[in-house]
Amino acid sequence: MRIIQTELDGAVIFEPIVYKDERGFFMESYNEQIFRKLGFDVRFVQDNHSLSVKAGTIRGLHYQLNPKAQTKLVRVTRGAIYDVIVDIRKGSPTFGKWKGFILSEDNKRQLLVPKGFAHGFCTLVENTEVQYKVDEYYSPEHDRGILWNDPALSIDWPVTNPILSEKDANHPLLADAEINFVWERTL
């Protein structure tokens with residue numbers, strides 16, 4: 001597995017080894033021993049799977065507050081997304097900065113989203129399926145979000161008029177969002 005560091009401390013892209021032949025392909029999408037050897041001590045407890053029927057659907061920007069914050073390992077099993085993370089760790093040198101990545105069924109890349117980041121994605125094609133592991137169970141009381149088009153973030157989404165849930169359309173701006181993350185340097 002190849003690791004690609006991002007500009008945001010703690011967030012990385014994983015490129016699994018893919019074995020292809022005339023039948024198709026095989027890959028390990030997750031191996032706890034390998035993750036631990038690479039220095040990622042995360043124990044995942046829940047798998048989530050979403051289908052977005054229409055291209056231009058944005059889900060996010062989501063996060064859970066401490067003590068129920070989640071690390072996520074995100075991948076696309078069908079279709080493609082523009083995946084966005086925003087650093088919301090107070091004191092971080094990259095607080096309020098965002099980074100976008102293309103994850104697709106073709107490139108098989110996976111994004112590790114650490115605690116302290118808001119996460120969202122925009123589907124680039126119809127019938128896109130996203131699967132992600134989390135290291136903490138969903139907690140409605142801790143569930144929070146930031147408005148997808150917050151002008152202070154200036155995220156360069158690939159759509160201007162996305163399909164949104166009512167919840168995602170009404171998240172607060174970053175300046176008004178409840179945040180209880182404090183930055184600590186990772187290795």
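A salt bridge is a side-chain nitrogen of Lys or Arg within 4 Å of a carboxyl oxygen of Asp or Glu. The model examined here is predicted. By this rule, 14 salt bridges are counted in the model. Side chains of opposite charge can pair when their charged atoms come close.

Arg-43 counts as exposed because its relative accessibility is 51%, and exposed means over 50%. Glu-32 has a relative accessible area of 26%, so this residue is partly exposed.

Glu-32 also forms a salt bridge with Arg-36. Here the closest N and O atoms are 3.0 Å apart. Both residues lie in helix α1. They are four residues apart, which is about one turn of the helix. Arg-36 is partly exposed, at 38% relative accessibility.

A further salt bridge joins Glu-129 and Arg-78, whose closest N and O atoms are 2.8 Å apart. Glu-129 is in strand β12 (residues 128–134) and Arg-78 is in strand β7 (residues 72–78), so the pair ties together parts 51 residues apart in sequence. Glu-129 counts as buried because its relative accessibility is 18%, and buried means under 20%. Arg-78 is partly exposed, with a relative accessible area of 36%. Elsewhere, salt bridges with shared partners join Glu-32, Arg-36, Asp-41 and Arg-43 into one network.

Tyr-30 was examined next. Tyr-30 lies in the loop between β4 (24–27) and α1 (32–37). At 22% relative accessibility, Tyr-30 is partly exposed. Beyond its neighbours within four places in sequence, Tyr-30 contacts Phe-35, Val-42, Phe-44, Leu-73 and Lys-133. The C-alpha atoms of Tyr-30 and Asp-41 are separated by 13 Å, and these residues are 11 residues apart along the chain.

Empty space was then considered. Rolling a probe the size of a water molecule over the atoms shows where empty space is left. The second largest pocket holds about 220 Å³ of space. Its lining has 13 residues, and the closest to its centre are Ser-50, Arg-59, His-62, Phe-121 and Tyr-132. Two or more lining residues come from each of β5 (46–52), β6 (58–64) and β11 (117–123). The largest share, three residues, comes from β6. By type, the lining of this pocket has four nonpolar, six polar and three charged residues.

Key: Residues are numbered from 1 along each chain as its sequence is written. This is a predicted model: local features need pLDDT of at least 70, side-chain atom pairs count only at pLDDT 80 or more; totals for chains, interfaces and linings use all residues. Side-chain values use heavy atoms; hydrogens and water are left out. Buried means under 20% relative accessible area, exposed over 50%, partly exposed in between (1.4 Å probe, protein chains only). Contact means heavy atoms within 4.5 Å. On a 1 Å grid over the protein atoms alone, a cavity is a set of points where a 1.4 Å probe fits but cannot get out, and a pocket is an open set with protein on both sides within 12 Å along at least five of seven lines; lining residues have an atom within 4 Å of a point. Grid points are joined across faces, edges and corners, and a volume is the space filled by probe spheres set on the points. Ala, Val, Leu, Ile, Met, Phe, Trp, Tyr, Cys and Pro count as nonpolar, Asp, Glu, Lys and Arg as charged, and the others, Gly among them, as polar.
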